[in-house]
Amino acid sequence: MASRTGEPSPPKRVTVKVVILGCMNVGKTSLMKRYASNKFTGKRQVTTGTDFVTKSVELNGQPVRLQLWDTAGQERFAKGTLGNSFYRGTDGALLVYDLNSQHTFDQVNLWREELLSKMGDDIDPRTFPVVVVGNKLDILEDRARAAAEAKAKAAAEAKTAEEGGDAGG
């Protein structure tokens with residue numbers, strides 16, 4: 001379609017809504033804000049109810065307004081208290097869990113079932129885009145590094161003690 005000046009009209013902006021679901025303290029808000037603004041504070045941010053950010057992106061040459069919707073992760077929100085209006089118009093979902101917490105991984109299917117039940121007949125659950133995200137890898141790596149350092153230190157101390165024990169015995 002051309003404008004009155006004969007120039008092609010800019011492509012119409014599409015809005016894509018993605019909801020971010022998961023247990024409390026898995027880092028949904030940090031993930032959302034990091035993506036939207038490329039900033040990470042490291043401070044725990046409690047979400048009360050819902051929050052959202054938007055980011056303009058380009059997909060296949062098409063301008064897209066991406067809306068990321070964040071929820072408080074308390075279990076009460078996983079049991080149907082988020083209304084259908086929260087899910088209305090959702091085009092995809094991120095199900096987030098904490099790599100350091102088996103419980104949060106075990107709850108991923110609960111969040112998926114909540115999402116699909118609220119979306120109802122509007123979507124095909126076999127094709128609706130859902131991405132599972134394991135978060136807080138940095139903490140997992142820090143723990144592994146700390147454990148390896150502690151193990152090495154313990155081994156060195158044991159060797160020193162053993163050498164000292166042999167020399168004194």
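Is Asp98 buried or exposed? In this predicted model, Asp98 is buried, with a relative accessible area of 10%. The residue takes part in a salt bridge with Lys136, in which the closest N and O atoms are 3.8 Å apart. Distant parts of the chain are linked by this pair: Asp98 lies in strand β4, whereas Lys136 lies in the loop between β5 (130–135) and α6, 38 residues apart. Lys136 counts as partly exposed, at 22% relative accessibility.

The count of salt bridges comes to two. Arg126 and Asp124 also meet through their side chains in a salt bridge, with an N to O distance of 3.0 Å. Here Arg126 counts as exposed, at 75% relative accessibility, and Asp124 is partly exposed, with a relative accessible area of 27%.

The largest nonpolar core comprises 25 residues, of which Val19, Leu21, Leu68, Phe86, Tyr87, Leu115 and Met119 touch the most other members. Two or more residues are given to this core by each of β1 (14–21), β3 (62–71), α3 (84–87), β4 (92–98) and α5 (108–119). Helix α5 supplies the largest share, five residues. In soluble globular proteins, nonpolar side chains tend to be buried together.

On the surface, a nonpolar patch is formed by Leu99, Leu137 and Leu140, which together have about 220 Å² of accessible area. Leu140 is placed in helix α6 (residues 137–168).

Notes
Residues numbered from 1 in each chain as written. Predicted model: local features only at pLDDT ≥ 70, side-chain atom pairs only at ≥ 80, totals over all residues. Heavy atoms only, no water. Patch = residues over 30% accessible without salt bridge, like charges linked within 9 Å, V, L, I, M, F, W, Y side chains within 5 Å. Areas by Shrake-Rupley, 256 points an atom, 1.4 Å probe, with all protein chains shown as cover. Salt bridge = Lys/Arg side-chain N within 4 Å of Asp/Glu carboxyl O. Helix = DSSP H or I, 4+ residues; strand = E, 2+ residues; numbered from the N terminus. Core = buried A, V, L, I, M, F, W, Y, C linked by side-chain atoms within 4.5 Å. Buried < 20%, exposed > 50% of the residue type's maximum accessible area, 1.4 Å probe, protein only.
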